[in-house]
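Biologist: I would like a close look at one part of this model. Please take the salt bridges, and tell me who pairs with whom and where.

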Amino acid sequence: MALFDRIKYDGPSGGHPWLVYKYPSEEFTLGSQLIVNQSQEALFLKGGEALDLFGPGTHTLVTGNLPLLNKLVNLPFGGQTPFTAEIYYLNKTSRLDMRWGTSVPFPVEDPKYGNLISVRAFGQYGITVLDSRLFVSQLIGAMNGGHVTDYEIVTRYFDGIINSKIKEIVAFYMIEKKISFLEITSHIGDLSRICKEAINEEFARFGVEILNFYVESVNVPKEDTEQLKILKEKKAELNILGEDYYRRRSFDVLEKLADNPSSGGMANAAMGLGMGLGAGAAAGGAFANIASNLNAAAPTNSTSNNVSQGQTICPKCGEHNQSGMKFCGSCGDKLQVTVSCTKCGSQVPAGMKFCGECGQAVGNKKCNQCGAESAPTSSFCGNCGRKH
């Protein structure tokens, strides 16, 4: 095989984008000229190990500028000694129009509306080879794809990394921040930044740097979008109608409760409102405030309830009867004889010693000294003057 004394690569014909070029010969001699163009690097390999690296310029191959190769094969000093090695040219130009996209839809539960949707994402990114030794030894050396390796061949190796990371990041982002798919467009910039940081870590393991990474779209099938829109409209409608309904319902029930306080109290009113079914904090708060106002304004004695002093209320039909009557003039049911408390005016069943409303003693007071009876409100005996 001929020995080359001039080593150079100007790129493929037609200007097709290339990333790595493996020089076709492995037989060289000391003293040969190695020419590296702008935006190129030339890397020597021996036995799969990345050795000496050359930047742009013209380099005469001598033992002095091949220290790593010389150490490995012990090249003799001077002369045109032949040696074998692999030479890889690397294109250091940045490529900014690389495309990416998730290969298949991935399921995500919309965090706001609970609907399972099939998500896909697409975008663009740019790369550059940052570490030529690491890139060739970790990736290119194992590909065996011929002399010229273009960007598309390399990106196929990265598609799996991008797909895996994108699915993980998009799903986590939506769930963690409670963002519906219908709102994701306004978060594209932040999502792109997070994706770039995560994917750049993976690319760096192969000596590649991500220069930019853009999420251009996150989309779902049309039927999923329509379903989410329907759920959004229903939720908004229920929020509006629900608040208005419970407000109106609370006023209706409490109004009836105020008209008939003996019909079951606040517990029945709460059941009527559906509070046990989760009417909501707002309705509950409104209900509590209204109830407290009604309680504060509730009548405290029989006089306030339009029960005249000296009248007896029928426990069966609620009719007012004259004091002293034993049977109700309306329904004929036997009346319970009551007396009025002298302090609060409440009706107290006859025979009771104290008012069940305010605790006031009911009936005449009996003097401990002379035994005479006095009015229940008197402080002194009317017969002997002794203090009760």
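Modeller: Start with Lys112 and Glu183, which form a salt bridge. Their closest N and O atoms are 2.7 Å apart. Bear in mind that this is a predicted model. Lys112 has a relative accessibility of 38%, so it counts as partly exposed. Glu183 also counts as partly exposed, because its relative accessibility is 29%. Buried would need a value under 20%, and exposed one over 50%.

Now move to helix 4. Here the side chains of Glu197 and Arg193 meet in a salt bridge, at 3.4 Å from N to O. The two residues are four apart in helix 4, so about one helical turn separates them. Glu197 counts as partly exposed because its relative accessibility is 47%. Arg193 has 43%, so it too is partly exposed.

Next comes Arg205. Its salt-bridge partner is Glu202. The closest N and O atoms of Arg205 and Glu202 are 3.2 Å apart. With a relative accessibility of 48%, Arg205 counts as partly exposed.

Some charged residues go beyond a simple pair. Arg95, Asp97 and Glu152 are linked in a network of salt bridges. For the total, a search of the whole structure finds 10 salt bridges. Among them is the pair Lys112 and Glu183.

Gly55 is found in the loop between strand 5 (49-54) and strand 6 (57-60). Set aside its neighbours within four places in sequence, and Gly55 is in contact with Val36, Gln40 and Glu41. Take Gln40 as the example. Gln40 and Gly55 are 15 residues apart in sequence. In space, their C-alpha atoms are 6.6 Å apart. Gly55 has a relative accessibility of 27%, so it counts as partly exposed.

Then go to helix 4 for Glu197 and Arg193. Finish the salt bridges with Arg205 and Glu202, and with the network of Arg95, Asp97 and Glu152.

Key. Residues are numbered from 1 along each chain as its sequence is written. This is a predicted model: local features need pLDDT of at least 70, side-chain atom pairs count only at pLDDT 80 or more; totals for chains, interfaces and linings use all residues. Side-chain values use heavy atoms; hydrogens and water are left out. Buried means under 20% relative accessible area, exposed over 50%, partly exposed in between (1.4 Å probe, protein chains only). Contact means heavy atoms within 4.5 Å. A salt bridge is a side-chain nitrogen of Lys or Arg within 4 Å of a carboxyl oxygen of Asp or Glu.
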